[in-house]
Amino acid sequence: MKILTTVKKVVDVELTIRIADGAIVEDGLQYVINAWDENAVEASVQLKENNGAETTLVSIGGGDNTDIIRKCYAMGIENGIHIEDPALEKADSSIYAKVLQKVYEKGDYDLVITGKQAQDTDSGQTGIMLAEYLGLPCVSNVIAIEVIDEQHVKVSRLGDAGTERVELELPAVVTVSDSINEPRLPAMRGVMMAKKKKIEVMDLAALGTSPEEVGGGAPKSEVVEFMASKTRQSGQKFEGNAADITTRVVDLLVNEAKVL
Amino acid sequence: MAKILVVADIKQGELKSSTAELLSKARAIGAETAVVAVGSNMSSLTPDLVNAGSDTQYMADDPGLELFSAGPFASCVVDAAKQFNANLIWFGFSESGKAAAPRVAAQLEAACATEITDVVIDGEQIEIVRPAIANKVMQRVKVNTGQLVAVVRAGAFEAADGVTGTENIVTLSPPPSDLKAVIKELVSDASGEIDLADADIVISIGRGAKDQAGVDLVKELANDLNAGFGSSRAMVDGGFMAHNKQVGQTGKIVAPSLYMAIGISGAIQHLAGMNGSKVILAVNKDPEAPIFNVADYGIVGDLFEVVPILREEIKKVRS
Ligand SMILES: Cc1cc2nc3c(=O)[nH]c(=O)nc-3n(C[C@H](O)[C@H](O)[C@H](O)COP(=O)(O)OP(=O)(O)OC[C@H]3O[C@@H](n4cnc5c(N)ncnc54)[C@H](O)[C@@H]3O)c2cc1C
Ligand SMILES: Nc1ncnc2c1ncn2[C@@H]1O[C@H](COP(=O)(O)O)[C@@H](O)[C@H]1O
């Protein structure tokens, strides 16, 4: 089985994000692998270990992605492709999906595993759109993948009515939730080996496409302004005798907040 | 005039409140409204769909549509969107909506935005507002296509009083089922429990509740208050709470009048699911826990001591 995993480099969401003049202030930011993509990498590597598979990752944009791709190598991914092109600066999910389509078509993959969402966009669109463009079956928000045979996998998805178990005919696309696994910490040996591995870097021309073909010149939507989110004020905090402060808070919930 | 198609949010045969909220917003903008309902055995829902504020009802009612499957679901929405000539196609916040919206957008070659909290329509120009980066920032997004498929964040719009629509039913022909993604089984969530999305009060527990005894203790409080009973991811990972009880970025987004976070530290991924709540009460033994930064009322204390008192005091004031 050939598996393609998508990995995006995103801003570290645990750090403070400042905004000035409608844009995010670069100073002080750090970049990491999108958390849900770490789950996708872990899922791919587990399939490789348990069922035998060839694993490739692709990452689009982000400038120097050496660190994050090496981390995925150290986790057990075998091949890495990095697509970097100035025409992708304003890319939306649909454009990333079209670039991924090109990568897919060059590689003859059986299964694409994406994260369910990128932590910088919180969009949750790219993998699903990729499947649409490729005409492949797709299940999103997946929490388990089980190989049935060369042509089929069975996946579990968290849906509105409960856990849906779906049999997918390959090739197919799945987007994974963080509930699917606990990404491993790479072993030292893996980290050393990863340093020697090559990363295939390409622009759109090398990928056999053009900015126009992937919609790069005209994103369907674009962020025109970043704004600070409404922060909640911290309210009244009570310390001391449990009975006293709890009684006091219940009184406030009833008479001040009027929610009880 | 903008034409807004709202995708009906139906769970266990019931129309969820998001449908009326979205239709109210659509009417407030001055748009022409329609709703598309996808499912099985829905004839009894027609009055609800009309009363929610739709002027046309596209119905895809077929036994083959009983279990959710994103492909056929999206096909029905695309069909309705084309017939109605919709500029905006809105899904309420649900896993089905999140799965179907990107498909619908790809098929229509429309723009797509998830978790929108506001929309501004100025002639042909559509702009939306949405949170990003785990709610740390808001984005104003310009739509360049004239057509937008969006998933509306829970609690973003309110249902207006006195709204109603007119009945004009259009029957959609059922799409073929997805033979390459066949749903084999649905393991239903415990039914009879209060849906977190509907509850006026939600009480969630975190790792601080420790074990089954802690879960049971807080659950009694939830039962007393007829509240939704939710959880942080830690208690789901620990096997104490079902997946569908998780509140947060990966779980449910809730916006109740009162949210109680009991033994929850307040990681951003959890906050992203509940910081739209009207009033937040936190109980945590660590005075520095980040949850206190967003809580309107904070009790610093051991939940095993505080929760029983909370129950008693609430019982007193309620009787
Ligand atoms: C991609 C991604 C997605 C995620 N999605 C979600 C999500 O949807 N929802 C979610 O919740 N998390 C999510 N998480 C996990 C999140 O980052 C936190 O790990 C999680 O929310 C922590 O849960 P917690 O607050 O219960 O546990 P902890 O962080 O361990 O906090 C436990 C708290 O309990 C307090 N405590 C302990 N004992 C007591 C006591 N006796 N009385 C009172 N207080 C006590 C402690 O002081 C502490 O503050 C996600 C993480 C990632 C990376
Ligand atoms: N630039 C990118 N490079 C590689 N993968 C991406 C990129 N953008 C999105 N993806 C994948 O698509 C998923 C969903 O992204 P989004 O639609 O932005 O939420 C991510 O978790 C990634 O797996």
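This is a predicted model: local features need pLDDT of at least 70, side-chain atom pairs count only at pLDDT 80 or more; totals for chains, interfaces and linings use all residues.
1. By type, the residues of chain A that touch chain B divide into 35 nonpolar, 22 polar and 20 charged.

2. **Extent of the interface.** The size of an interface is often given as the accessible area lost when the parts come together. Here the area buried between chain A and chain B is about 6900 Å², and carbon and sulfur atoms give 55% of that. A trio to look at on your screen is A:Asp160, A:Lys220 and A:Arg232: they supply 12% of the area that chain A buries against chain B, more than any other three residues. In terms of contacts, 77 residues of chain A meet 81 residues of chain B.

3. **Charged pairs between the chains.** The interface of chain A and chain B also holds 7 salt bridges. One of the salt bridges to look up joins the side chains of A:Glu132 and B:Arg103, at 3.6 Å from N to O.

4. **Charged pairs overall.** Searching the whole structure gives 27 salt bridges over all chains. Within chain A, the side chains of A:Glu222 and A:Lys90 form a salt bridge at 2.8 Å, N to O. This pair ties together distant parts of the chain, 132 residues apart: A:Glu222 sits in strand E14, while A:Lys90 is in the loop between strand E7 (79–83) and helix H3 (93–107).

5. **Ligand 1, a site for two chains.** Ligand 1 is surrounded by residues from chains A and B, so its site is shared between chains. There are 28 residues around ligand 1, and B:Arg207, B:Ser232, B:Ser265, B:Gln269 and B:Asn284 come nearest. The shell divides into 8 nonpolar, 14 polar and 6 charged residues.

6. **Polar contacts of ligand 1.** B:Asn284 has a polar side-chain atom 2.7 Å from an oxygen atom of ligand 1. The side chain of B:Gln246 places an N or O atom 2.9 Å from an oxygen atom of the ligand. B:Thr250 takes part through its backbone, with a polar atom 2.9 Å from an oxygen atom of ligand 1. On its own, ligand 1 has 980 Å² of accessible area, and the protein covers 82% of it.

7. **Ligand 2.** Around ligand 2 there are 19 residues, the closest being A:Thr6, A:Asp37, A:Thr121, A:Gly124 and A:Thr126. The side chain of A:Asp37 has an N or O atom 2.6 Å from an oxygen atom of ligand 2, and a polar side-chain atom of A:Asn34 lies 3.0 Å from an oxygen atom of the ligand. A:Ile60 contributes a polar backbone atom, which is 2.9 Å from a nitrogen atom of ligand 2. How much of ligand 2 does the protein cover? The figure is 100% of the 480 Å² of accessible area that ligand 2 has on its own.

8. **Two backbone spots to check.** Most residues other than glycine have a negative phi, and most peptide bonds are trans. Against that background, the peptide bond from A:Leu170 to A:Pro171 is cis, with omega near 0°; A:Pro171 belongs to the loop between E11 and strand E12 (172–176) of chain A. The other spot is A:Asp122, where phi has a positive value, near 50°. You will find A:Asp122 in the loop between strand E8 (111–115) and H4 of chain A.

Notes
Residues are numbered from 1 along each chain as its sequence is written. Chains are lettered from A and ligands numbered from 1 in the order in which they are written. Side-chain values use heavy atoms; hydrogens and water are left out. A residue is near a molecule or strand if one of its heavy atoms lies within 4 Å of it. A polar contact is a pair of N or O atoms within 3.5 Å; within protein, one must be able to donate a hydrogen and the other to accept it, and residues adjacent in sequence count only if both atoms are side-chain atoms. Accessible areas come from the Shrake-Rupley method with a 1.4 Å probe; for residues, only the protein chains shown count as cover. Ala, Val, Leu, Ile, Met, Phe, Trp, Tyr, Cys and Pro count as nonpolar, Asp, Glu, Lys and Arg as charged, and the others, Gly among them, as polar. Contact means heavy atoms within 4.5 Å. Buried area is the accessible area (1.4 Å probe) that two parts lose on being put together, summed over both. A salt bridge is a side-chain nitrogen of Lys or Arg within 4 Å of a carboxyl oxygen of Asp or Glu. Helices (H or I, at least four residues) and strands (E, at least two) are DSSP runs, numbered from the N terminus.
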